[in-house]
Amino acid sequence: MFTGIVEELGSIRSVRRGQHSSVLSIAAKDILSDLKIGDSVAVNGVCLTATTVDGSGFTADVMHETLNRSSLGSLTVGSHVNLERAMAANGRFGGHIVSGHIDGTGTITALRKDDNAVWYTISASQELLRYIVEKGSIAIDGISLTVAEVGESWFSISAIPHTVAVTTLGEKRPGDTVNLENDVIGKYVEKLLRPQPQETAKSSLTLEFLAQHGF
């Protein structure tokens, strides 16, 4: 599990592409202090497993499903990426619950300055927008952010200068694709409230019984 508080900006050292997968080699510094083979690292919000670790970075495999659902397939040598190690049990919970399992992608459609803040407007599919609520949480490229506004086909966030400076947000422009992970709590609540097949069958039998007996 992650919190959406980016620890450092890494950069892509190499990309080895297979037919449906790829291997990323990522330059890093701060997160290497205790990173071991098999540890989880959020790379632009995507939970990846470190397969090798050296003094200047690590490598991670990216499977077909991940490439389909995220923007990792567009990374090239030199691309910057947001990095966060999995949350320690005794760590501070500074952001929100982030699983590192991307729901889909969105497209930045507009940026505007608002005094010391920067507003980002992002278009997204209805499948994603159904879980996005004003003042709720969302992870954009692994960054824990608060939703400021929600429209029919878009939502906006307002980022402080520190966040823009220490993450990839500072490099984003209209037209760029970003990874989106919705607040997991909303998804669980929706599923728990959804009628189960056996409950639907029971309701149908009850209605049929009442109809047969003139109720």
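Over the ring of which residue does the charged end of Arg 112 sit? In this predicted model, in which local features need pLDDT of at least 70, side-chain atom pairs count only at pLDDT 80 or more, and totals for chains, interfaces and linings use all residues, the ring is that of Trp 119, with the charged end of Arg 112 at 4.7 Å from its centre. Residues are numbered from 1 along each chain as its sequence is written, and side-chain values use heavy atoms, with hydrogens and water left out. A charge is taken to sit over a ring if NZ of Lys or CZ of Arg is within 6 Å of the ring centre and within 35 degrees of the ring normal.

Nine salt bridges were counted, each defined as a side-chain nitrogen of Lys or Arg within 4 Å of a carboxyl oxygen of Asp or Glu. One of these joins Arg 85 to Glu 7 at 2.6 Å, N to O. Arg 85 belongs to strand β6 (residues 80-85) and Glu 7 to the segment before β1, so this bridge ties together parts 78 residues apart in sequence. Strands (E, at least two residues) and helices (H or I, at least four) are DSSP runs, numbered from the N terminus. Glu 7 has a relative accessible area of 31% and is partly exposed; buried denotes under 20%, exposed over 50%, and partly exposed the range in between (1.4 Å probe, protein chains only). Through shared partners, salt bridges join Glu 7, Asp 34 and Arg 85 into one network.

A further salt bridge is formed by Lys 187 and Asp 103, whose closest N and O atoms are 2.9 Å apart. Lys 187 lies in helix α4 (residues 184-193), whereas Asp 103 is in the loop between β6 and β7 (104-114), so parts 84 residues apart in sequence are tied together. Lys 187 is partly exposed at 24% relative accessibility, and Asp 103 is partly exposed at 21%.

Leu 24, in strand β2 (residues 22-27), is buried at 1% relative accessibility. Beyond its neighbours within four places in sequence, Leu 24 is in contact (heavy atoms within 4.5 Å) with residues including Ser 14, Leu 48, Phe 58 and Leu 75. Thr 66, located in helix α1 (residues 64-69), is also buried, with a relative accessible area of 15%.
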